[in-house]
Amino acid sequence: MESFYDAIKIITYNAFMNTLFADRIIDVPKSFIREMLKITSDSTIISLAGGLPKRDLFPVQEIIAATDEVFKVYGRDIFQYSNSEGYLALRESIANNYLAKGLQVSAENILITNGSQQGLDLLGKVLLNDGDGVIIEEPGYLGAIQAFSLYRPHFSPVPVSEEGLDLEKLQSVLSEREHKLLYAVPNFQNPSGITYSSNNREGVADLIREKKVFIVEDDPYGELRFAGIAKPSFRKYLPEQTILLGSFSKIVVPGFRIGWIVAPPEIYEKLLIAKQASDLHTCHFTQYILYQYLQKNSIAEHVAKVIKTYREQCQCMMDSIDAYFPSSVEYIKPEGGMFLWVTLPKGMSAMELFPRAVKEKVAFVPGDPFYVNKKGLNTLRLNFSSVDNDTIKTGIQRLGKVMAELQ
Ligand SMILES: Cc1ncc(COP(=O)(O)O)c(C=O)c1O
């Protein structure tokens with residue numbers, strides 16, 4: 001009898017929960033990576049899972065000096081409310097950086113956001129109705145899948161390879177239905193580490209031109225190039241149809257949560273309304289500190305230091321993979337960024353590998369959460385930015401052992 005009442009209670013509770021929450025949140029999963037970071041917070045586990053920048057490279061002393069200066073100049077006013085667009089001087093310095101690369105961007109096009117992650121949410125809020133088409137890379141950035149999912153779009157995945165987006169598939173997806181957005185991370189993509197070639201970018205632009213589709217070019221890693229040459233932004237090919245997302249998370253510190261959106265004026269206006277409704281403005285204090293830091297230090301020198309470290313750590317990871325992984329395992333060699341994408345032999349599931357790896361005290365991100373409608377995949381993501389060379393070697397050695405056992 002008791003179990004009958006328990007069952008009723010559960011059914012009633014579930015029915016209550018289903019009516020409690022808005023439809024838009026019911027099916028959106030928790031971030032797999034955030035959940036996994038809880039497992040890997042065990043300090044005895046080597047984590048090649050997260051997407052963290054290297055903490056030793058944070059310019060702490062310089063930021064302390066910048067903070068002192070901000071207090072000296074602005075005193076208690078620095079704690080006052082501020083405007084929603086963001087600190088004008090900071091927006092001008094971001095615009096100047098684009099101009100130096102030959103991209104026509106002005107401060108009026110730039111909205112400072114709480115990390116580029118907020119940019120994704122605001123774009124969803126402003127542009128997506130239920131069922132609107134969003135073209136997404138396969139595999140794609142988990143945080144974008146999660147952010148857009150709240151607005152219940154129809155995702156059309158298009159595979160990426162070492163060249164970039166699969167143009168044939170893109171063409172067929174575009175002909176099947178209307179889409180509002182194409183979301184792309186063309187430089188050192190998260191999770192695959194690939195960079196679109198110039199030809200591929202041109203090919204994508206040719207297919208999008210004449211269509212009512214905006215490209216959302218998310219570029220938090222673009223400055224972290226350690227091989228090859230920089231490729232043009234989509235804004236060069238489609239200035240009216242490209243929305244750029246940028247961030248200081250990977251080049252200065254992620255904890256300030258400062259990113260930005262570059263958007264055409266009519267979209268900017270709506271984004272500003274959504275930003276006001278969401279949080280009034282991004283933290284004024286950290287924007288001023290960041291600007292002061294940029295004024296008093298050479299960001300180019302700092303980024304060069306970050307690149308040097310990531311290049312060495314990436315090389316160490318590739319050498320370790322060559323030494324310790326079964327020869328049937330393949331990986332994509334990145335030209336920058338923070339990630340290495342690994343393909344296991346056919347039939348070997350990365351999800352199955354994961355608990356075994358954690359038992360051996362090493363973690364990675366299985367490929368599954370980076371796909372919107374596929375499971376049991378034989379791909380996985382490794383992070384090389386946050387761990388030192390000795391830790392990388394030990395982690396890869398442990399992982400190689402588990403792979404050999406599963407084989
Ligand atoms: C592709 C991509 N976009 C956006 C973000 C969010 O970055 P943030 O909000 O720290 O600027 C990340 C973070 O890892 C990312 O990999």
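Is Tyr-268 buried, exposed or partly exposed? Tyr-268 is partly exposed, because it has 18 other C-beta atoms within 10 Å. The cut-offs go like this: 20 or more other C-beta atoms within 10 Å of its own makes a residue buried, 12 or fewer makes it exposed, and in between is partly exposed, with the C-beta atoms placed from the backbone.

Okay, some housekeeping before we go on. What we have here is a predicted model, where local features need pLDDT of at least 70 and side-chain atom pairs count only at pLDDT 80 or more, while totals for chains, interfaces and linings use all residues. Residues are numbered from 1 along each chain as its sequence is written.

Back to our tyrosine. Tyr-268 sits in helix H11. When I say helix I mean a DSSP run of H or I with at least four residues, and a strand is a run of E with at least two, all numbered from the N terminus. Setting aside neighbours within four places in sequence, Tyr-268 is in contact with Asn-109, Leu-111 and Ala-263. Contact means that the two C-beta atoms, placed from the backbone, lie within 7 Å. Glu-108 is 160 residues from Tyr-268 in sequence, yet the two are 8.9 Å apart in space, C-alpha to C-alpha.

Now let's look at how helices pack. Two packed helices are described by the angle between their axes and the distance between the axes. The axes here are lines fitted to C-alpha atoms, for helices over the stretch in contact, and the angles run from 0 to 180 degrees between N-to-C directions.

Let's stay with H11, residues 265-279. Its axis and that of helix H6, residues 115-127, come within 9 Å and cross at roughly 110°. That makes H6 roughly perpendicular to H11. For the wording: under 35 degrees is roughly parallel, over 145 is roughly antiparallel, 65 to 115 is roughly perpendicular, and the rest is oblique. On the H6 side, Leu-122, Lys-125 and Val-126 meet Ile-267, Lys-270, Leu-271, Ala-274, Lys-275 and Ser-278 in H11. By class, that contact of H6 with H11 has 5 nonpolar, 1 polar and 3 charged residues. Here Ala, Val, Leu, Ile, Met, Phe, Trp, Tyr, Cys and Pro count as nonpolar, Asp, Glu, Lys and Arg as charged, and the others, Gly among them, as polar.

Next pair: helix H8, residues 167-176, and helix H9, residues 198-208. They pack at about 15°, with axes 10 Å apart. So H8 is roughly parallel to H9. From H8 we get Leu-167, Leu-170, Gln-171 and Leu-174, and from H9 Gly-203, Val-204 and Leu-207. Sorted by class, the contact of H8 with H9 has 5 nonpolar, 2 polar and no charged residues.

Which residues of H9 are buried? They are Asn-200, Arg-201, Gly-203, Val-204 and Ile-208. They cover an arc of only 160° around the axis, so they are on the same side of H9. That arc is taken from the directions from the helix axis to the C-beta atoms. Among the things covering those buried residues are H8, strand S6 (181-184) and strand S7 (214-218).

One more pair, then. Helix H13, residues 299-324, packs against helix H15, residues 389-406, at about 30°, and the axes are 9 Å apart. H13 and H15 are therefore roughly parallel to each other. H13 brings residues including Cys-316, Met-317 and Tyr-324 to the contact, and H15 brings others, including Ile-392 and Gly-400. In total, the contact of H13 with H15 divides into 6 nonpolar, 5 polar and 2 charged residues.

Most residues other than glycine have a negative phi, and most peptide bonds are trans. Phe-188 has a positive phi near 50° without being a glycine. You'll find Phe-188 in the loop between S6 and H9, and Phe-188 counts as buried because it has 25 C-beta neighbours inside 10 Å. Pro-191 lies in the loop between S6 and H9 too, and the peptide bond from Asn-190 to Pro-191 is cis, with omega near 20°.

Glu-210 also has a positive phi, about 75°, and is not a glycine. It lies in the loop between H9 and S7. Glu-210 is exposed, with 8 other C-beta atoms within 10 Å.

And there's a cis peptide bond between Glu-138 and Pro-139, with omega about 0°. Look for Pro-139 in the loop between strand S3 (133-138) and helix H7 (142-149).
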